[in-house]
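Have a look at the structure first, then read on.

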Amino acid sequence: MDLLLFIIGLLLAIGVLAYHRASLTLFTAAIAVILAVATVSDTVGFISWIIFAAIALPLNIAGIRQQHITKPLLKLYRKIMPEMSTTEKEAIDAGTTWWEGDLFRGNPDWHKLHNFPKPRLSAEEQAFLDGPVETVLKMVDDWHTTHERADLSPEVYQYLKDHGFFAMIIKKQYGGLEFSAFAQSCVLQKLTSKSMVLSSIVGVPNSLGPGELLQHYGTKEQQDYYLPRLAKGLEVPCFALTSPEAGSDAGAIPDFGIVCKGEWQGKEVLGMRLTWNKRYITLAPIATVLGLAFKLQDPEKLLGDKEDLGITCALIPTDTPGVKIGRRHFPLNVPFQNGPTQGDNIFVPLDFIIGGPKMAGQGWRMLVECLSVGRAITLPSNSTGGIKAVAMATGAYARIRRQFKLPIGKMEGVEEAMARIGGYAYMADASTTMSVGSIDLGEKPSVISAITKYHMTERMRQAIIDAMDIHGGKGICMGPNNYLARGYQGAPVAITVEGANILTRNMIIYGQGAIRCHPYVLAELQAAQLEDERAAVTAFDRALFGHIGFSISNFFRTFWLSITNAAFSHAPVKDETARYYKQMNRFSASLALMSDIAMATLGGDLKRRERISARLGDILSMLYITSTVLKKYNDEGRQVQDLPLVQWACEDNLAKAQLALDELFDNFPSRAVAVVLKRVVFPWGRTLRRPSDVLDHKVARIMQTPCEARSRLGSHLYLTQEPNNQLGLVEKALTDILAAEPLFDKVVHAANKRLPFYRLGEVADLGLELGVLSQAEAEKLRVAEAGRLHVINVDDFDPLDLAADKSLFNSTAAKPEQAA
């Protein structure tokens, strides 16, 4: 019995120390104390001390440990780990690790999360949103843009140039606006709520492009010439990276340049002969300056000893002889300016390289560093604006549109889809706000940008599908009054660009996250690459034994948090959201544990096990997005009205994290390991459930009822009530219908008969006749009826208006019905 108590006490001590991540020294001392107590009580004897010494001394004496344990393990590590390519190293080195690192390490610091400053607009930025942004949105008619013109009008382009829309990232010293990332996000959300074409055209020059690259890497001469011209709209930039043979695999671009001497403006200079074939390049058809990515070769070694210099970025004026540009692609009826560009054996000076000749071959590093910022702003912001607009419009429509004598938003089947839209709108706003806020804090969030790009574009696609289902015929009939169809058509565009979503989920999120966020993996890799063997062993020893302690800690943390369902873990609050923090503690520990298990059992093969990586990345993503939801709720003063939205978002994300873990075990290559660890992680099975029907109902009710929570959900959208802003008109109709309902009920009561909720003009006349309505009240019913009809009716056209080739409809041609 005494021996059994000793073993239990020893295991408990190890578990407690591991849970709290005690140092090796403290571990050793604690076990020595337990052994001493057991020795005094005659529970253990001399042999136990010999075993203890045989283990403890080599581990605690650095010289012995490094020579006899670390050095052989380093040799083995170098054999089994695949060599990392230069492009992989540069991708990993690019960007910074922020809050996602805390989530990856199994023990998030929630006070740190809450203490990140809330992003705010400056007075100048707010004035821009209230002034130029509102003005340009009044100028845009989206049906005219997308159907009749297939482009913005010249007047809109000029307004964008004159008011700095293409210069939000350019510093003020060059004439730009120098807006925060948060302000850029707010601008793009507002533009998206009216026109995807407009937000796409504004977003790209402020993301990955010549302006961003010039400010970070350009020579002074390049900056002084181009940046003021870009700020004033005298130059229209584009950036050509994607080739027919190299899309998401940007490092494989076949476009090339050859360093050579040639004639430029009457003089012989050192330059490059460039050949390229690019496609999908936004703004290329109207660009005046082309940012070009290509592989630079120096066969004559005119710049040094290397022949293959690597990916290089240059600025090419599009009026350079031989540059082919101007044709357009037609991306799914969302006709933002996008097209191909080619060049064949075009000579330009080396000074055209961004940063000058010294930056030859540095293009990949430049691109991945800038992409980590731009990818966190443009597509997540556009998607967030789209989801929020869909939430507002669908909530209003579902309250206005009636079937079976009640608003369709009260039907449980519709509530399910509406809750998804509302929950996604809240989490998208939270995720995008926190992510762009990190940029304003000086971060370059490469992992976060991949998470937000993938998950916000995917949620936008699901939200627009749900909205189309709810709107039915209203959604599928194109026309000036359809506020959904272009978003539905254009959703795959966002899914595809800036790294296809399949690639982003399966390779990038966890591929970069595992190395960047893990506290020891990158240190191990860097130690193994050191040429000085002594320094390598020392660095590897520190990382390796830190890693071992980290893994042991996460095993015990996972086990304890799982068997207790995280009931006793720390949460920074004691309200209804406390359980979400606790479950995140649990899944954070599980992620850290399973990451180490996956890396230990699969080694370099993990990189090729894309679906294993994808599920681990899903867990990290769900933790990140959930933490942004809790951060938003805290930043906004923990508004109780918003609680259903918070709960829905958290429960949906955590259920998905649980599912990803479960599927990870079901598909893990090592079945024995999977079976054992599944019992550790899920001792009681899957305990979390997706949002309930009751919670769906609460979210759907918020979306249909004007209130502060709904207003916060629709922040930074264009809701101005004007003839060509459908979102504003639907909002007005909702307000008018809600004001008319008690008047309608008054007439029904006075008439003592049931009336259908339509032809409200006739109801108004009846109310006047019965003497229960004033003229002003009757007018409210008439206004509500006009708004109701506008919302539920769909557009129709003369056949001639829909024909692309109107010559087919001449005076002698048969009419469509005659031909039929």
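## Ground rules

A residue is called buried under 20% relative accessible area, exposed over 50% and partly exposed in between, using a 1.4 Å probe and protein chains only. Helices (H or I, at least four residues) and strands (E, at least two) are DSSP runs, numbered from the N terminus.

This is a predicted model, so local features need pLDDT of at least 70 and side-chain atom pairs count only at pLDDT 80 or more, while totals for chains, interfaces and linings use all residues. Residues are numbered from 1 along each chain as its sequence is written, and side-chain values use heavy atoms, with hydrogens and water left out.

## A covered strand

Take strand 7, residues 338–349: nine of its twelve residues are buried, which makes the strand mostly covered. Two strands count as paired if DSSP finds at least two bridges between them.

Strand 7 runs antiparallel to strand 3 (residues 267–282), with nine bridges linking the two. Asn-338 of strand 7 is the bridge partner of Thr-282. Strand 6 (residues 324–325) also pairs with strand 7 in the antiparallel sense, over two bridges, and here Ile-325 has Thr-341 as its bridge partner.

## Two nonpolar cores

A nonpolar core here is a set of buried Ala, Val, Leu, Ile, Met, Phe, Trp, Tyr and Cys residues joined through side-chain atoms within 4.5 Å. The largest one has 129 residues, and Trp-99, Tyr-624, Leu-661 and Leu-781 have the most contacts inside it. Apart from it lies another core of 89 residues, including Met-272 and Cys-370.

Contact means heavy atoms within 4.5 Å. Leaving aside neighbours within four places in sequence, Trp-99 is in contact with several residues, among them Trp-110, Phe-116, Met-434 and Tyr-624.

## A buried glutamine

Is Gln-647 buried or exposed? Gln-647 counts as buried because its relative accessibility is 11%. This residue sits in helix 25 (residues 643–667). Not counting residues up to four places away in sequence, Gln-647 touches Glu-576, Arg-579, Tyr-580 and Leu-695.

## The second largest pocket

A pocket is an open set of points on a 1 Å grid over the protein atoms alone, where a 1.4 Å probe fits, with protein on both sides within 12 Å along at least five of seven lines; lining residues have an atom within 4 Å of a point. The second largest pocket holds about 830 Å³ of space, a volume being the space filled by probe spheres set on the points. Among its 30 lining residues, Leu-24, Phe-27, Thr-28, Leu-59 and Ile-552 are the closest to the centre. Helix 22 gives the most to the lining, with nine residues.
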